[in-house]
Amino acid sequence: MSPKNGNKPRVLSGIQPSGNLTIGNYLGALKQWVAVQHEYDCFYCVVDLHAITAVQDPAELRLKTRESAAMYIAAGIDPEVSTVFVQSHIPAHSELAWMLTCMAPLGWLHRMTQFKDKSAKQAQESIGAGLLNYPSLMAADILLYHADFVPVGDDQNQHLEFTRDLAQRFNHLYGETFTLPSVMNPAAGARIMGLDNPTAKMSKSEASENHAIFLLDDPSRARKKVMRAVTDSRREIRFSQDPERAGVNNLLTIYQAITNEPTEAIQAAFADKGYGDLKRAVADTVAATLQPLQTRYNELMNEAGYLDSVLKIGREKAAEIAEDTLKLAQDRMGFLAPS
Ligand code: AQP
């Protein structure tokens, strides 16, 4: 069964509008989305249904959904080439998610690291069921479009494995229906760590002041955050997996993910330099990345009607594929078609 038009393999990915996007979201996800968009048939959605797995202020959620879509385009996604849409605009995501939730073993869901991490921060009785079922919704997002590849940061790899396992389970029970997707991680920047705590992943919803660089941070503010980043008491500037050297490793990783320079060249360039030099170099590359992105973002947010028209076209293109897949899955599961 080939559900696709043309010969290009399909890509799907999304970001939650659960706050302001960070340089982690950019280097782990957005940058590779841009890089692959001409090679693959790409679908990029703003995953607002995922965002409500934590309580969101309604006005803020609406705003962040628009802002995230604008940021995708500002980062280089061309809506004439890629399909950009909002997850909740396509009801098929929620519908397939329910069908998959019913098939997802609790044991698999409880093993998910993201669930364990996020639920550990809340009182047991206040943890929403959506947090546990998040991976089934993510599986629905991916499987609806028969995506071949899913470009994400490596925190999402376990959810991708879950998606493959669930798709296999469905195909085994009800007959070949879904394409098994493969994960696509960037060579550098698959996990950017917090500047204030380099042993924890940089997250947009983490509240502390110097934790994350936001894509909308004023470049001078971003620079200050880099200059205040936690390092260590040694001097050597090298990539390292030693947890005690995680701060320097993180700065080098940010530098590499932005510049695309090889490891050896970076280490040679910083061989006789100090941590202050490294921080200044990282701050320069970060500021140079943010500036054009913010200029484009502001233009997009001020261009009346443009974003809405992109999202409308995206919705129409996405809905066509998603509804076909949903119908097929419903039929396979035994739902009576409406007459
Ligand atoms: N620190 C990171 N390094 C590399 N990639 C990252 N991603 C997120 N943080 C980093 C990647 O960005 C994409 C979108 O992530 P998401 O918003 O859907 O969910 P998340 O992974 O839970 O991201 P956050 O920023 O940590 O959100 P909150 O704080 O709301 O939970 C994914 O491809 C992810 O890998």
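A salt bridge is a side-chain nitrogen of Lys or Arg within 4 Å of a carboxyl oxygen of Asp or Glu. Side chains of opposite charge can pair when their charged atoms come close. The model shown here is predicted, so local features need pLDDT of at least 70 and side-chain atom pairs count only at pLDDT 80 or more, while totals for chains, interfaces and linings use all residues. Residues are numbered from 1 along each chain as its sequence is written, and side-chain values use heavy atoms, with hydrogens and water left out.

**Figure 1. Glutamate 236 and arginine 245 meet in a salt bridge.** The N to O distance between these side chains is 3.8 Å. Arginine 245 is buried, at a relative accessible area of 4%, whereas glutamate 236 is partly exposed at 48%. Here buried means under 20% relative accessible area, exposed means over 50%, and partly exposed lies in between (1.4 Å probe, protein chains only).

**Figure 2. Arginine 221 pairs with glutamate 209 in a salt bridge.** Their N to O distance is 3.3 Å. Arginine 221 sits in helix H9 (residues 219–227) and glutamate 209 in the loop between strand S5 (182–184) and H9, so the pair ties together parts that are 12 residues apart in sequence. Helices (H or I, at least four residues) and strands (E, at least two) are DSSP runs, numbered from the N terminus. Both partners are partly exposed: arginine 221 has a relative accessible area of 38%, and glutamate 209 has 48%. Look around this pair for a network of salt bridges that links Glu209, Asp217, Arg221 and Lys225.

**Figure 3. Glu95, Glu320, Glu323 and Asp324 gather in a patch of negative charge on the surface.** Patch residues have over 30% relative accessible area and no salt bridge, and like charges are joined within 9 Å. Asp and Glu count as negative, with the place of a charge taken as CG of Asp or CD of Glu. Helix H13 (residues 306–333) gives the most to this patch, with 3 residues. Glutamate 323, found in helix H13, is partly exposed with a relative accessible area of 41%.

Notes: Patches are made of residues with over 30% relative accessible area and no salt bridge: like charges are joined within 9 Å, nonpolar side chains (Val, Leu, Ile, Met, Phe, Trp, Tyr) within 5 Å. Accessible areas come from the Shrake-Rupley method with a 1.4 Å probe; for residues, only the protein chains shown count as cover.
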